[in-house]
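Here's a quick tour for anyone getting used to reading protein models. Take a look at the structure first, then work through the notes below.

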Amino acid sequence: MLSRRIFRLLCLATAAANGLGNVGLLATYPWLLNLLHVPLPGDSYSFAAVSGFSFTVGLLAFMVFWNPEENAQLLVIGAAGKAIYAFFTFYFWVFHGLHWFYLTFGAWDAVFSVIFLLFYMQVRNHDLEILNSGEIFSSATPSGRKALLLLYSLTGTGLSALENVKAGLEANGYSTTEYDIQPVETDLFRFPFTLQRFIRIMIRAIVRWPAKVEPLKIPANHDFDLIVVFCQTWFVGMSAPVEGVFQDPQNRPIFKGRDVATVNVCRGLHRRSQAMLIRWLEACGGNVVGARAFEHAGHEPSRVFSLFAYLIYARVGEPAWLKWFLEPTYGLSTRSLDDLKQFGASLANRKREPVLAFAKRGVS
Amino acid sequence: MPGYVHNLVDLFTLAPDHLLMSLAFLAAIMAGNDLVRTALMVELTRNPLVHMVLNVLTLLPAFLIAAILFASAWLHPTQRWINLLYALLLYVAWYIGGAITKLARRDTEGADPGFMSVGALVTFPVGLLAALIF
């Protein structure tokens, strides 16, 4: 992995190249291009204008170097600008005989459009990376040693995750209460599916059509000091019934000022569903102290086809003619389940400090 | 047809006259797809439009390569079979685009060979069909 320091130095390099380089090029280009036997630009005005725009991208890169977190959005503009410049340079090199000397600028910008996007990924939402590294943030609430475990699992894979977190919590002095989220549309959110219902759920998940859930029968002044929310990934995002909990304003006070933790279970894509869940909890005033995401056991591509086969047949190892290819189990590995038990233990033993966790880690 | 449209069609259809350039251009699109997708993944978490875009980007390269194979076989039938190999190279570029996101942070999912293989079930049958038809 490239460190923040390396990305900053790369930004400084392109700041110097775009900023100083363009000034130098404008000042010396007749002499320099003759020296390199490069034809002079056909249109001096366009050449000067492009140099001017390129200079501003240098300023942009310098601002990112100076304060990456504050100026992260500039990286998107820089990446788009450099990619567009690279494309046009490439196009004119291929179809209009542009000299290779100019292509080097396009190649430089193509590389830096990638670097800018990578740096953007690193700088933004850094709190999620810290949480995923295994860190447990300190608690801001007095311990009542009581945890609420909120779950909706359509196919049942989330249940094993819940059982293991619960075991970890209870082994460390917590009492736990499980709460099943109940969708209002019970005829739709039912497993096994019909093909028609699967397609309805899929389309609704993609367009983020909300799913109403029965109001949680938990008062805002409950005595749980920790709430653990379990969520699956449905078409890149949160499962609709779990998001339904947060979409109902009546449920939001339950999380306010409480320690909350998240467990995401998925086939292979956890980032968005986890980020959605964490941002919802923060929006409700929850103090996110821990987050874990776990992928199904096995390897691709058999894992994704095992998921589809399970959703169609509701049984492991079906269809029989494809058994050689499918994963022998569906859901989490033994190792993941052990990790979840440890996660429960870590949550139970989290430190207590009178500073809110999200204030400490600087949410972006 | 204006010249620039003709040129762009060449770039998008693996035209024999500009084959290497076309491959480089399409490889950049494939890699860029997963870079943008990964960058967007944890942004605007309640925005349905972003969510739809992410779902589209998950399989877009597969459909794009399928369309390229079809159009290329139609416009340049002499290379319709070798195009299947070029399609494989574009899948490698797609994979690299996802894999290099690990350079930015450890908790990205990287490339997704699972959905890439689902995509291959779209791309290659279309490519084979086009090779047989044209």
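Into which domains is chain A divided? Chain A splits into domain 1 (4–124) and domain 2 (129–296 + 331–361). Keep in mind as you go that this is a predicted model. The centres of domain 1 of chain A and domain 2 of chain A, taken over C-alpha atoms, sit 44 Å from each other.

**Where the two chains touch**

- Chain A puts 35 residues into the contact, and chain B puts in 32 residues.
- On the side of chain B that touches chain A, the elements giving two or more residues are α2 (19–40), α3 (48–75) and α5 (113–133) of chain B.
- The top contributor on that side of chain B is α3(B), with six residues.
- Sorted by class, the side of chain B that touches chain A holds 14 nonpolar, eleven polar and seven charged residues.

**A stop on chain B's helix α3**

- B:Val56 can be found in helix α3 of chain B.
- Is B:Val56 buried or partly exposed? B:Val56 counts as partly exposed because it has 13 C-beta neighbours inside 10 Å, and the buried label takes 20 or more.
- B:Val56 and B:Arg37 are 19 residues apart along the chain, and their C-alpha atoms are separated by 9.4 Å.

**Two helices packing in chain A**

- Helix α1 (residues 4–35) and helix α4 (residues 100–123) of chain A pack at an angle of about 145°, and their axes are 10 Å apart.
- The crossing of α1(A) past α4(A) is left-handed.
- Which residues meet here? From α1(A) come A:Arg4, A:Phe7, A:Leu10, A:Thr14 and A:Ala17, and they meet A:Trp108, A:Phe112, A:Ile115, A:Phe119 and A:Gln122 in α4(A).
- By class, that contact of α1(A) with α4(A) is made of seven nonpolar, two polar and one charged residues.
- α4(A) itself has 24 residues and spans 34 Å from its first C-alpha to its last, close to the 34 Å expected at 1.5 Å a residue.

**Helix α6 of chain A and its cover**

- Helix α6 (residues 157–170) of chain A has 14 residues and reaches 21 Å from first C-alpha to last, close to the 20 Å expected at 1.5 Å a residue.
- Which residues of α6(A) are buried? They are A:Gly158, A:Ala161, A:Leu162, A:Asn164, A:Val165, A:Lys166, A:Gly168 and A:Leu169.
- The cover over those buried residues of α6(A) includes the strands β1 (146–151), β2 (175–180), β3 (226–234), β5 (259–266) and β6 (287–295), plus the helix α11 (334–348), of chain A.

- As background, most residues other than glycine have a negative phi, and most peptide bonds are trans.
- A:Val236 has a positive phi of about 80° although it isn't a glycine, and its place is in the loop between β3 and β4 (237–238) of chain A.
- A:Val236 counts as buried because it has 22 C-beta neighbours inside 10 Å.
- Over in chain B, B:Leu14 isn't a glycine either, yet it has a positive phi of about 50°.
- B:Leu14 lies in the loop between α1 (3–12) and α2 of chain B, and it counts as buried because it has 28 C-beta neighbours inside 10 Å.
- A cis peptide bond links A:Glu300 to A:Pro301, with omega about 5°; A:Pro301 is in the loop between β6 and α10 (302–313) of chain A.
- The peptide bond from A:Glu318 to A:Pro319 is cis too, with omega near 0°, and A:Pro319 is in the loop between α10 and α11 of chain A.

- A:Ala283 lies in helix α9 (residues 271–283) of chain A, and it is partly exposed because 13 other C-beta atoms lie within 10 Å.
- A:Glu185 sits in the loop between β2 and α7 (195–207) of chain A, and it is partly exposed, with 16 other C-beta atoms within 10 Å.
- A:Glu185 and A:Pro30 are 155 residues apart along the chain, and 73 Å separate their C-alpha atoms.

Note on methods: Residues numbered from 1 in each chain as written. Chains lettered and ligands numbered in written order. Predicted model: local features only at pLDDT ≥ 70, side-chain atom pairs only at ≥ 80, totals over all residues. Contact = placed C-beta atoms within 7 Å. Helix = DSSP H or I, 4+ residues; strand = E, 2+ residues; numbered from the N terminus. Nonpolar A, V, L, I, M, F, W, Y, C, P; charged D, E, K, R; others polar. Buried ≥ 20, exposed ≤ 12 C-beta atoms within 10 Å, placed from the backbone. Domains from an automatic or database assignment. Axes fitted to C-alpha atoms, helices over the stretch in contact; angles between N-to-C directions. Left-handed = near helix turned anticlockwise from the far one by under 90°. Expected span 1.5 Å × (residues − 1).
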